[in-house]
Amino acid sequence: MLLEVKDLSIYYYTLSGVVKAVEGVTFSIDEKEWVTFVGESGSGKSTVASAIIRLVPPPGKIVSGQIMFEGKDLLKLSEEEMRQIRGKDISMVFQDPMTSLDPLRKIGDQLVEAMTVHGVDEDEAKERAKELLEKVNIPPDRFDYYPHQLSGGQRQRVSIAIAMAFNPKLLIADEPTTALDVIVQDSIMDLIQSLKEEGTSIFFVTHDISLAAERSDKIAVMYAGKLVEFGTVEQIVENPLHPYTQALLNSVPDLWTEKPIKAIPGYPPDLRNPPRGCRFHPRCHVFAEKGELKGLCDAEEPMVIEYEKGHFVACHLYGGSRNE
Ligand code: ATP
Ligand code: SF4
Ligand code: MG
């Protein structure tokens with residue numbers, strides 16, 4: 001196992017209260033595996049992503065849990081040890097490439113620096129930078145361009161080139177295609193796929209479950225800071241267990257069946273004061289319809305259970321209440 005995250009909780013200590021952004025999240029990513037995190041805005045996907053490289057933005061704090069990477073708990077490493085891992089063993093690509101690119105420096109120099117900080121000699125880094133640009137389809141004569149001289153898609157390809165510099169073991173890609181048009185999106189997805197084929201594991205974030213289903217091996221569904229379902233793409237798409245996963249799948253068009261699209265009613269909760277019991281209960285149609293769930297879903301938190309091999313769910317319909 002490459003990455004094993006256990007019982008991870010992350011809170012933001014804001015002036016208006018404690019935002020329980022991520023609570024009790026457990027999952028793992030195998031070597032050469034692509035795992036996609038899906039869920040509505042505010043469900044905690046980016047917070048989990050940033051925790052893996054220990055860059056949760058203030059006022060956020062990892063309050064508990066373990067992040068085991070190749071058997072080492074990243075939460076126990078010193079800042080210096082963590083720096084050695086970031087950009088080398090674990091790389092990250094963001095929705096807005098300008099969060100990682102420096103607007104005032106040539107892209108070639110930024111690529112070279114990404115390697116020299118980890119001890120690669122300058123001439124070798126220059127050579128490799130040109131190869132990397134070629135690999136992401138940026139003509140090598142753009143080496144001396146500044147980020148603003150490139151299109152959004154090209155800038156994203158440069159940030160992927162930087163992420164690829166050391167053939168990382170894990171790439172964290174947080175909505176890398178959201179700001180791009182569909183054709184450019186596809187070319188970025190192809191690039192990430194090629195990285196996977198060379199042996200990199202992928203932690204991918206999107207709010208689009210159909211995009212998640214296209215290339216991933218596994219899907220993790222987050223709702224209001226909780227991981228509510230986790231399994232292979234086949235398990236999640238063909239046999240979604242959690243009412244929220246079912247609602248997410250019904251909210252996207254299906255090219256084959258032309259079934260009607262149904263938006264999920266209501267809004268995600270305020271995570272300073274999440275609903276008691278199952279955080280999804282105020283929006284869950286099963287809870288609304290089944291009287292016998294009253295006093296359970298709205299009072300007790302469902303625990304994660306393994307419903308079938310590798311397919312995890314946290315919902316009272318499948319057992320897993322604290323009192324069982
Ligand atoms: P999106 O799809 O919009 O990117 P997300 O699933 O990535 O959403 P996060 O950005 O991880 O969600 O946010 C999870 C929760 O933490 C939200 O309730 C959000 O308001 C809160 N949050 C995130 N960053 C901060 C911050 N810097 N300060 C306070 N609260 C924050
Ligand atoms: Fe719906 Fe209850 Fe399952 Fe929550 S635990 S998703 S409220 S049925
Ligand atoms: Mg996000």
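Select Ser-43 and ligand 1. In this predicted model, a backbone N or O atom of Ser-43 sits 3.2 Å from an oxygen atom of the ligand.

A polar atom in the side chain of Ser-46 lies 2.8 Å from a ligand oxygen atom.

Show the surface of ligand 1. On its own, the ligand has 640 Å² of accessible area, and the protein covers 68% of that.

Now widen the selection to the whole shell. There are 16 residues around ligand 1. Those that come nearest are Ser-41, Gly-42, Lys-45, Ser-46 and Thr-47. Colour the shell by class: seven residues are polar, six are nonpolar and three are charged.

Switch to cartoon. Which elements give two or more residues to the shell around ligand 1? They are strand E1 (3-14), strand E2 (17-29) and helix H1 (45-52). Helix H1 provides the largest share, with three residues.

Follow the chain on from H1. Stop at Pro-59, in the loop between H1 and strand E4 (60-69). Zoom in on the peptide bond from Pro-58 to Pro-59. This bond is cis, with omega near 5 degrees. Most peptide bonds are trans.

Move to Glu-70, in the loop between E4 and strand E5 (72-73). Check its backbone: phi is positive, about 50 degrees, although Glu-70 is not a glycine. Most residues other than glycine have a negative phi.

Zoom out and colour by domain. Select 3-89 together with 166-318 for domain 1, and 90-165 for domain 2.

Next, select the boundary between the domains. How many residues of domain 1 are in contact with domain 2? The selection holds 33 from domain 1, touching 21 residues of domain 2. The size of an interface is often given as the accessible area lost when the parts come together. Between them, domain 1 and domain 2 bury about 2200 Å². Carbon and sulfur atoms account for 66% of this buried area.

Terms used: Residues numbered from 1 in each chain as written. Chains lettered and ligands numbered in written order. Predicted model: local features only at pLDDT ≥ 70, side-chain atom pairs only at ≥ 80, totals over all residues. Heavy atoms only, no water. Near = heavy atom within 4 Å. Polar contact = N/O pair within 3.5 Å; in protein donor to acceptor, adjacent residues only side chain to side chain. Areas by Shrake-Rupley, 256 points an atom, 1.4 Å probe, with all protein chains shown as cover. Helix = DSSP H or I, 4+ residues; strand = E, 2+ residues; numbered from the N terminus. Nonpolar A, V, L, I, M, F, W, Y, C, P; charged D, E, K, R; others polar. Domains from an automatic or database assignment. Contact = heavy atoms within 4.5 Å. Buried area = accessible area lost by both parts, 1.4 Å probe.
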